[in-house]
Amino acid sequence: MARKPREISPIGVYHVMLRGINKQRIFEWPEDYQEFYKLVHQTLTTDTTGNLVKHPNFELYAYCLMDNHVHLLLRVKAAPLATIIKRIATGYALYFNRKYDRVGHLFQDRFRSEPCNDSKYFLTLLDYIHNNPVKGGCCVSPLDYSNCSYAELVKRKDEDRLCVIPKDFPGLSDAEILRWLREMPIQDSDSIQENEASADTQERVLKESARQERSLELMCNFGERSAEVDKMIVDELLKITGCNTISEFQQLDKKRMRSALAIVRDAGVSIRRLSRLSGISEGIIRNCKNPAHLLPLAQ
C-alpha cells in the first residue's frame, strides 16, 4: 500500500516526531544529546556540502529530547522538511551505530509530522512538547529538564541558543507567545497513571532468584513516577548482565540476553514495558525461558 502523502502546512510550521525503533532508547549518555544538538545546529546553519548559508534553513521554535523519542516544532525556510529531518536523523543514526557497535535502523519508520496552521494549536504544541518530561516523570517542572527548550525560551538565554520565538506567526505576537510560556500550566505527572492503577493498588514486586542468591526488587509502584520505575528496570537488566548500556545489552548472545529478560519479566514487569525499555520485541520476550544456570551471579 502506498504511503499516505504528508499534510502540507501553508505557513511551513510542523510538529515533528522521531521515535526509536521498537521504542528503544536513542540516547544513552549526555554526550549523545549533545551530538543531536550539534546535528540540529549544523542542519540549521549549513547546506548539504557543509558550507554556511546566508539565511537559516529553518526556524526551531521548541524541542524536547526524551530517552526514546524526540519532538521538534519548526518552520521550514530555505530547505524542505524531508531534507532537514533526513540530515539530522541520518547523521545521528550513523553516530549512534558507530559508537555502540550496532547496525540497522535506529528510528522507527519514517518521521511523523503534523502541520500547525493556527495560533491556538501552536500554543497547545508549546504546552505539550515542554510538558513531555513532566508527564514522563522526569522532572517536576520543564525548567528542571535540561533537554527541552523551555528554559532557553523563558529565560531568553542567548548562549548556544537553538530556538527562537516567532515574530510573525499568524494571530500571535512574540510577546503573547512569551507570556503564554511563562504562564503555562504544569501537567501533573501522576495524572498519566490514573488509568493504570488506583491509589490502593501500589505494590512491591519481589522475585527470589536462587542462582543470584539475592532479592530482585522492582518497585512497580504506580504512585511513583513512571521514569523512576523505568530506570530501576533498566538498571536491573544491566546489573544482571554486567552491561553498561541498553545498546550493549542488545549485543549479548541470545541465551544471556533472553535469560535476563525472563528474570525481569517473571518479577512482574509487563512484556510491553520491558519491550519498550530493552528494544527487544514483545514476541521474543514472551517466549524467553528462565534457566538459572545460564546467568552468572550478578556482582
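The model is predicted, so to speak of local features we need pLDDT of at least 70, side-chain atom pairs count only at pLDDT 80 or more, and totals for chains, interfaces and linings use all residues. Residues are numbered from 1 along each chain as its sequence is written, and side-chain values use heavy atoms, with hydrogens and water left out.

Let's start with α3, residues 119-135. Helices here are DSSP runs of H or I, at least four residues, and strands are runs of E, at least two, numbered from the N terminus. With 17 residues at 1.5 Å each, α3 should span 24 Å, and its end C-alpha atoms are 23 Å apart, which agrees. That expected span is 1.5 Å times one less than the number of residues.

At the start of α3, a side-chain oxygen of D118 comes within 3.2 Å of the backbone nitrogen of K120. Further along, a kink of about 30° lies at I129, shortly before P133; the bend is the angle between axes fitted to the seven residues ending there and the seven starting there. After α3 comes G137, with a positive phi near 80°.

Now, which residues of α3 are buried? Among them are F122, L126, I129 and P133, where buried means under 20% relative accessible area, with a 1.4 Å probe and protein chains only.

Finally, S278, in helix α9 (residues 271-278). S278 is buried, at 0% relative accessible area. Its side chain reaches the backbone nitrogen of I280 at 3.2 Å. Beyond neighbours within four places in sequence, S278 has contacts (heavy atoms within 4.5 Å) that include L237, F249 and I285.

Terms used
Buried < 20%, exposed > 50% of the residue type's maximum accessible area, 1.4 Å probe, protein only. Polar contact = N/O pair within 3.5 Å; in protein donor to acceptor, adjacent residues only side chain to side chain.
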